[in-house]
Amino acid sequence: MQRFVKGDPVRKGVKIEGRYGTSINAAETGKVVYAGSGLIGYGRLVIIKHNKNYLSAYGYNKKIHVKEGDTVEKGIRIAEMGSDGNGKPMLHFEIRRNGAPVDPLKLLPHRP
């Protein structure tokens with residue numbers, strides 16, 4: 001896993017290794033504001049706006065299961081894990097507060 005580093009333009013989120021095709025689920029309920037591959041460096045990307053302050057971004061997807069304008073519930077499958085530029089199965093995950101990247105690991109619930 002690559003961790004978030006405040007102020008580092010390369011580490012605006014976390015990179016989580018996994019298995020190709022693994023289900024990627026919404027971290028929280030919100031509206032899909034972007035679903036596509038037009039932003040360089042993210043592959044197929046989904047961005048969900050959760051409220052006026054927070055959004056989450058999910059990059060390197062193999063397949064996207066939502067479209068712009070969809071409302072999604074927390075935990076629903078939005079995509080399938082793809083691979084980074086080196087062919088490694090990977091999810092790039094970011095959370096932004098008021099447009100600025102924050103450490104997603106501090107906001108997500110801890111898993112045992």
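Of the 112 residues in the protein, 35% are buried in this predicted model. The accessible surface amounts to about 6,900 Å², and carbon and sulfur atoms contribute 51% of that area.

The secondary structure consists of nine strands and zero helices. In sequence order the pattern is accordingly written β-β-β-β-β-β-β-β-β.

Strand E3, which covers residues 30-36, pairs with two other elements described here. With strand E4 (residues 44-49), the pairing of E3 is antiparallel and runs over five bridges. Within this pairing, glycine 36 is placed opposite leucine 45 of E4. With strand E6 (residues 71-72), E3 again pairs in the antiparallel sense, here over two bridges. Lysine 31 has threonine 71 of E6 as its bridge partner. In a regular strand, side chains alternate between the two faces of the sheet.

By residue class, the lining of the second largest pocket comprises seven nonpolar, three polar and two charged residues. Strand E5 (residues 54-64) supplies three residues, the largest share of this lining.

Glycine 21 is located in the loop that connects strand E1 (14-17) to strand E2 (23-25). The relative accessible area of glycine 21 is 28%. Because buried means under 20% and exposed means over 50%, glycine 21 is classed as partly exposed at this value of 28%. When residues up to four places away in sequence are not counted, glycine 21 touches Lys62, Glu80 and Met81. A further relation across the sequence involves serine 83: the C-alpha atoms of glycine 21 and serine 83 are separated by 9.3 Å, while the two residues are 62 residues apart along the chain.

Technical notes: Residues numbered from 1 in each chain as written. Predicted model: local features only at pLDDT ≥ 70, side-chain atom pairs only at ≥ 80, totals over all residues. Heavy atoms only, no water. Pairing = 2+ DSSP bridges. Helix = DSSP H or I, 4+ residues; strand = E, 2+ residues; numbered from the N terminus. Nonpolar A, V, L, I, M, F, W, Y, C, P; charged D, E, K, R; others polar. Buried < 20%, exposed > 50% of the residue type's maximum accessible area, 1.4 Å probe, protein only. Areas by Shrake-Rupley, 256 points an atom, 1.4 Å probe, with all protein chains shown as cover. Contact = heavy atoms within 4.5 Å.
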